[in-house]
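Hi,

Here is the structure I promised to send over. Have a look at it first, and then read my notes below.

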Amino acid sequence: MSNPTSTNVDMLIVGGGFAGLYQLYSARKLGLTARLLEAGDGIGGTWFWNRYPGARCDVESLDYSYSFSEALQQEWDWTERYATQGEILRYINHVADRFELRPDIQLHTRVSAATYDDDARRWTTVAQSGERFDSQYLILATGCLSIPQAPKFAGLDTFKGNWYHSANWPTEGVDFSGKKVGLIGTGSSGVQMTPLIAAQAEHLTVFQRTANYSVPAQNEPLDTVTLDTVKANYAHRRALGREAMTGQFLNANDKSALEVTDAERLAEFEFRWRGAGGGFRMLRAFSDLLRNPQANRFAAEFARSKIRQIVHDPAVAELLSPKDDLPFGTKRLCVDTDYYETFNRDNVALVDVKADPIVEITPNGLRTTAQTYQLDALVFATGFDAMTGALLAIDIHGVEGESLREKWSGGPRTYLGVSIAGFPNLFVIAGPGSPSVLSNMVHSIETHVDWISNLIRQTRADGITRIDAQQPAEDRWVGHVNEAADKTLYPIGNSWYVGANMPGKPRVFMPYVAGVPAYRRIIEDVAAKGYEGFSLS
Ligand code: N01
């Protein structure tokens with residue numbers, strides 16, 4: 001029975017980014033009533049919140065875009081190989097308007113709890129405002145990097161200047177002209193904003209705890225010839241993406257780094273660093289780069305040699321060079337424009353806060369164990385409670401009141417990264433246990449939404465009202481995800497992939513590493529076998 005004081009819909013979708021919007025579009029196609037709840041005062045998810053200077057995607061725009069509508073992909077003209085945050089946000093808003101999605105989108109609504117009623121076979125979802133929603137299906141499209149890691153530095157409340165987090169940037173932007181700026185964090189966000197802040201501010205001090213690897217994006221404008229060529233056969237590009245490890249064609253080399261000569265290896269790395277598109281193509285330079293320690297060391301040493309070539313001061317170059325305990329690419333590779341070059345500017349300084357940790361923020365800046373720094377503004381690019389943060393921010397209770405927070409206290413457990421045993425009719429899009437953040441997210445989102453939509457279409461036709469993953473199937477999947485990760489070097493790196501950036505978070509490698517094509521074949525096979533591993537009733 002549905003609750004008369006709630007909004008009743010067939011499907012409730014939480015999150016208004018790429019995943020939520022496509023899920024809403026697909027729900028409509030299924031003939032379902034649906035409501036999408038979004039915490040922000042605009043749609044776009046990641047691309048709504050992360051407005052910091054230099055924010056852009058590290059997946060090429062022609063791939064990081066929906067493929068479900070040929071008309072959409074024909075009519076939209078991306079202007080650069082790697083799109084800026086602003087351009088992606090315009091695209092998302094265009095999609096919402098074009099497919100008339102807005103009437104079913106409710107902004108300013110942060111979900112705080114969701115409880116399953118096994119008699120009614122429905123979810124009751126509650127927003128922070130107290131508003132209630134009643135639905136048969138609950139879709140969590142909450143994103144993998146949507147709960148910023150709040151800085152917990154002592155003394156922050158005494159700081160006289162303004163401070164900002166990369167993922168909660170003021171809509172109107174920030175003018176750093178004439179200011180001494182301190183930037184904490186050198187992951188993708190910090191690496192992208194460094195050159196732009198340095199160009200504007202009087203002085204920039206970058207506080208680095210761990211050096212990560214960064215590869216130049218080789219970004220460039222997309223001319224009409226390129227766009228026309230892709231659009232003339234967009235299906236071909238999408239098909240190449242579907243069969244590529246990460247859901248985007250990166251021209252993967254199937255040779256081992258150990259089977260080629262030194263000169264051939266160097267040529268391959270150079271080709272990928274410079275002309276062939278830069279960025280993640282580097283990770284596909286050799287088939288064993290992320291599996292074989294020696295192959296990985298070749299890539300790491302190549303990247304360090306580049307840093308030494310670019311950065312004039314050898315001491316700064318050394319500090320920017322990732323160390324051997326971080327294999328190349330095991331923490332998400334940064335993709336930059338002029339990051340290392342920026343450290344040649346007179347108004348930029350690099351501080352090693354591993355050797356000399358931050359003690360506190362002071363009214364006029366920041367104090368490390370050895371030094372004080374006078375700063376007018378502080379920027380935190382300190383990352384996120386990744387993959388599980390947004391899901392566990394909601395107090396979710398499944399069959400017999402089981403709490404998701406308790407179930408996941410030792411790390412996330414899903415069946416196929418999309419379903420959770422004991423939480424029927426609830427689906428996670430691109431969640432832990434799926435290729436997710438290791439892939440082109442838009443591609444993986446489409447894969448999940450299409451798969452969930454087929455499951456719902458088929459089960460509704462069969463009169464099934466309850467879809468639940470079986471516990472043994474989930475256990476086997478969790479085992480398989482771990483096994484796949486353990487065959488790679490990924491778990492070695494201290495990264496948000498394993499929750500290492502969050503003190504106290506269980507160390508579990510969260511995404512599924514075997515790649516997009518292997519994963520798709522598994523979930524298609526599950527569907528072909530009548531949704532093997534699910535209890536349908
Ligand atoms: O966050 P991060 P991010 N004291 O977690 C440091 C995606 N993304 O926002 O490494 C001092 O990577 C921390 O140091 P350490 C992308 O998937 C994509 O940059 O923990 N430092 C690290 O340097 C990316 O991977 C794009 O030692 C502290 C940094 O803060 C993900 O989002 C752009 C600290 C956090 O790095 C997250 O990237 C941006 C402390 N107390 C983001 N706490 C593109 O598409 C943390 N740090 C290009």
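**What I found**

A backbone N or O atom of Ala381 sits 3.2 Å from an oxygen atom of the ligand. I'm calling that a polar contact, meaning a pair of N or O atoms within 3.5 Å. Asp58 has a polar backbone atom 2.9 Å from a ligand oxygen, and for Thr186 the distance from a polar backbone atom to a ligand oxygen is 2.9 Å. The protein covers 88% of the 910 Å² of accessible area that the ligand has on its own (Shrake-Rupley method, 1.4 Å probe).

Before going on: this is a predicted model, where local features need pLDDT of at least 70, side-chain atom pairs count only at pLDDT 80 or more, and totals for chains, interfaces and linings use all residues. Residues are numbered from 1 along each chain as its sequence is written, and side-chain values use heavy atoms, with hydrogens and water left out.

Which residues are closest to the ligand? They are Ser189, Thr210, Lys331, Arg332 and Trp496, out of 22 that surround it (a heavy atom within 4 Å). That shell is made up of eight nonpolar, nine polar and five charged residues, with Gly counted as polar. Helix H5 (residues 188-200) is the biggest contributor, giving three residues; helices here are DSSP runs of H or I, at least four residues long.

Now the domains, whose bounds come from an automatic or database assignment. Why does the ligand lie between domain 1 (7-147 + 386-531) and domain 2 (149-213 + 343-383)? Because both give residues to its shell. There is also a domain 3 (237-328), and the C-alpha centres of domain 1 and domain 3 are 30 Å apart.

Cheers

Technical notes
Polar contact = N/O pair within 3.5 Å; in protein donor to acceptor, adjacent residues only side chain to side chain. Helix = DSSP H or I, 4+ residues; strand = E, 2+ residues; numbered from the N terminus.
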